[in-house]
Amino acid sequence: MPAAHDIRRPQTLFLGEPLASTPNLAVRSGLGSTPFAARRIPVASHHCCYIARQFTRQTVRRWNLHSICDDAVQIASELVANAVRHGRPDTAAADDQQAGVWLAFTLRPRTLLCVVRDPSQLHPRLTPPQPLAERHRGLPIVDALSNTWGWTTDPQAQGKSVWARVALPAA
């Protein structure tokens, strides 16, 4: 039997009504018929950023947003990397739904909204990267590529959502 984090068996939701069992994400915010895509990222996998990049690329291309694909892929990858590194409790089981990291996108009238949900209450901090440093580069990249970014917490559920908005090209 394949492992729960097997990348051939993605836990993906595309366009339409998310399952009621989906932890937090858009279910509680009532996105309605807004285009929506979400995927649970297996934190135990060494391929978590690869999975995030592939899912982002597929979603953005499906929505014909080719011109912002590279920026969206980089933003999603950085946010997922941060969530996997800093956003899960050490005591959580790798396959625990509540401990999971979720990557979601919704298409708004003028922006693509990327949201990464993790079970940690720790707020992200934008710190200037040091020259030649290998860490603390993710949020400066997100800050540079997005129009705006931030985070929200949900008093009804453990964790936070870190989000970034990318402007859509003018029609």
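Student: Is Ser161 buried or exposed?
Tutor: This is a predicted model. Ser161 sits in strand β6. Its relative accessible area is 10%. The cut-off for burial is under 20%, so Ser161 counts as buried.

Student: Which residue is the bridge partner of Ser161?
Tutor: Strands β5 (residues 148-153) and β6 (residues 160-167) pair in the antiparallel sense, over 6 bridges. Beyond four places in sequence, Ser161 is in contact with Val115, Val116, Arg117, Gly150, Trp151 and Thr152. Of these, the bridge partner is Thr152.

Student: What phi does Gly159 take in the hairpin of β5 and β6?
Tutor: The hairpin has 6 residues between its strands. Gly159 takes a positive phi there. The value is near 115°.

Student: What is the phi of Asn64, which is not a glycine?
Tutor: Most residues other than glycine have a negative phi. Asn64 lies in the loop between α1 and α2, and its phi is positive. At 58% relative accessibility, Asn64 is exposed. Its phi is about 55°.

Student: What pattern does the protein chain follow along the sequence?
Tutor: The secondary structure comes to 3 helices and 6 strands. Read along the sequence, their order is β-β-α-α-β-β-α-β-β.

Student: What share of the contacts with a separation of 6 or more joins residues 24 or more positions apart?
Tutor: The protein chain has 171 residues, and 44% of them are buried. Among contacts with a separation of 6 or more, residues 24 or more positions apart account for 65%.

Student: Which element gives the most to the largest nonpolar core?
Tutor: This core has 35 residues; Ile41, Leu65, Leu79, Leu103, Phe105 and Leu112 touch the most other members. At least two residues each come from β2 (36-41), α1, α2 (69-86), β3, β4 (111-118), α3 (138-145) and β6. With 9 residues, the top contributor is α2.

Student: Which residues does Leu79 touch, not counting those up to four places away in sequence?
Tutor: Leu79 is one of the core residues that touch the most other members. Outside its sequence neighbours, Leu79 touches Cys114, Val116, Leu139, Val142, Val162 and Ala164.

Student: How many aromatic pairs are there?
Tutor: Ring centres must lie within 6.5 Å to pair. By this rule the count is 2.

Student: Is the pair of Phe55 and Phe105 stacked, edge-to-face or tilted?
Tutor: The ring centres are 6.1 Å apart, with 40° between the planes. Phe55 is in helix α1 (residues 48-62) and Phe105 in strand β3 (residues 101-107), so defined by DSSP runs, and they are 50 residues apart. Both are buried. Planes under 30 degrees apart would be stacked and over 60 edge-to-face, so this pair is tilted.

Student: Which residue has its charged end over the ring of Trp163?
Tutor: The charged end lies 5.7 Å from the ring centre. It belongs to Arg165.

Student: How far apart are the C-alpha atoms of Leu107 and Ala37?
Tutor: Leu107 is in strand β3. Beyond four places in sequence, Leu107 is in contact with Thr34, Pro35, Trp63, Leu65, Leu112 and Leu168. Ala37 is 70 residues away along the chain, yet the C-alpha separation is 9.2 Å.

Notes: Residues are numbered from 1 along each chain as its sequence is written. This is a predicted model: local features need pLDDT of at least 70, side-chain atom pairs count only at pLDDT 80 or more; totals for chains, interfaces and linings use all residues. Side-chain values use heavy atoms; hydrogens and water are left out. Rings of Phe, Tyr and Trp (its six-membered ring) pair if their centres lie within 6.5 Å; planes under 30 degrees apart count as stacked, over 60 as edge-to-face and the rest as tilted. Helices (H or I, at least four residues) and strands (E, at least two) are DSSP runs, numbered from the N terminus. Buried means under 20% relative accessible area, exposed over 50%, partly exposed in between (1.4 Å probe, protein chains only). A charge sits over a ring if NZ of Lys or CZ of Arg is within 6 Å of the ring centre and within 35 degrees of the ring normal. Two strands pair if DSSP finds at least two bridges between them. A nonpolar core is a set of buried Ala, Val, Leu, Ile, Met, Phe, Trp, Tyr and Cys residues joined through side-chain atoms within 4.5 Å. Contact means heavy atoms within 4.5 Å.
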